[in-house]
Amino acid sequence: QTLAETLRDAGFHTAAFVGAIPLLANRGLHQGFEVYDQVFPDGMIERRAQRTNRAVRAWLVDPPEGRVFLWVHYFDPHHPYNPPRPYKQQFVGGPFAKEDVPYPRNVNPRTTQEPGAQAPEPAASELMRKLYDAELRYTDDAIAELFALLDEAGLLADAVVAVVADHGESLGEHGYYFGHWDVLWENARIPMVLAHPDGRYAGTRVSALVRSIDLMPTLLAWLGLSAPEGLDGIDLTSLIEGDASPIVDAYTEQSEYFPVHALRTAEWLLVRDRPSGGDGAPPAPRLYRRVDGRATPDDVAAEHPEVLERLTPRLDALYEPDDPGERVAIPVPEAVREQLRALGYLEE
């Protein structure tokens, strides 16, 4: 049961506007939405944030009466980094050729699918970083534009607002260049910004461990609604108000390319490659540490066997292996496969 379904059943009008083909309704993400806008330019696999905003603006010409749940999804800070021209000029400056932009690559010796893959040249890496920064700034501006649209429509003043990402991008850390192949800090530590309608908690910064699954119960509590039974997440309100964090562990997994799962605590990150059905033994678990709020880059599993011993059973308790008997093969049209390949979501 999704957040959209819960709010729809509580009398909310529900609408979503998505920015890329991985979120098409046929993936099932439309559950609970009365409006699910996924109109892309001909032949395109994503639409820029401002085009998504235009769709929201058209919907706001005659908004529904009553309470509204609106989800607006932007895809721009994601490969390929291709911000509008003014942002390229602002962050890159001079012209560059298409061949100067390297394709995202994984040169991690543990996981690489490109034997002999080399890190991009320094100039190419710097160009990609600038383009990524430009995408971030463009998306920031698009969010500001969205807020202005909602304010003009009278929907912002008493709204609960959440701005959250689904993953970060590796910019060279651990041998990953301009993608999100793993569950390390740079990929799984994401922004989550919440705004209460009466300005309560404004300026509050929470450094404790929280999880994406905590978003749904928190938003429902702020809307005065009960959460469905069985949710793994918790209402973060008491933590925001200064109480000690009840969250000890966070679970993360990644199934694209390199199946891996992880247990995260305030200090430690235990990463374990999941069995892939091959004959070889999986690599040894990896252990990373955060010190004074910053992640250390090296695997320190050998130096801290006592931490591995303590955390491994906790990861085992959270990991539920897939049941092969529950899997159903679904044919995917070749046109869709090509779109997914172009976005880096499919390798064959």
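Strands β10 and β11 (residues 268-273) run antiparallel and are joined by five bridges. Strands here are DSSP E runs of at least two residues, and helices are H or I runs of at least four, both numbered from the N terminus. Two strands count as paired if DSSP finds at least two bridges between them. Within this pair, V260 stands opposite D273 of β11, and a hairpin of three residues links β10 to β11. The model is predicted, so local features need pLDDT of at least 70 and side-chain atom pairs pLDDT 80 or more, while totals for chains, interfaces and linings use all residues. Residues are numbered from 1 along each chain as its sequence is written, and side-chain values use heavy atoms, leaving out hydrogens and water.

Strand β10 covers residues 260-264, and five of its five residues are buried. Buried means under 20% relative accessible area, exposed means over 50%, and partly exposed lies in between (1.4 Å probe, protein chains only). In a regular strand the side chains alternate between the two faces of the sheet. In β10, V260, A262 and R264 point one way, H261 and L263 point the other way, and all are buried.

Strand β10 also pairs with β9, again antiparallel and through five bridges. There, L263 of β10 is the bridge partner of Y251. Strand β9 spans residues 250-254 and includes Q254. Q254 counts as buried because its relative accessible area is 9%. Its side chain reaches the backbone oxygen of W181 at 2.5 Å. A polar contact is a pair of N or O atoms within 3.5 Å; within protein, one must be able to donate a hydrogen and the other to accept it, and residues adjacent in sequence count only if both atoms are side-chain atoms.

W181 is also one of the residues touched by Y176, where contact means heavy atoms within 4.5 Å. Y176 lies in strand β7 (residues 176-179) and counts as buried because its relative accessibility is 0%. Its side chain makes a polar contact with the side chain of D182 at 2.8 Å. Y176 and N106 are 70 residues apart in sequence, but their C-alpha atoms are 4.7 Å apart.

The last topic is the nonpolar cores. A nonpolar core is a set of buried Ala, Val, Leu, Ile, Met, Phe, Trp, Tyr and Cys residues joined through side-chain atoms within 4.5 Å. The largest one has 24 residues, and L3, L7, I21, F33, Y36 and F69 have the most contacts inside it. Helix α6 (215-222) is among the elements that give two or more residues to this core, and α6 gives the most, with four. Apart from it lies another core of 17 residues, including F17 and L149.

Key: Lists of a residue's contacts leave out its neighbours within four places in sequence.
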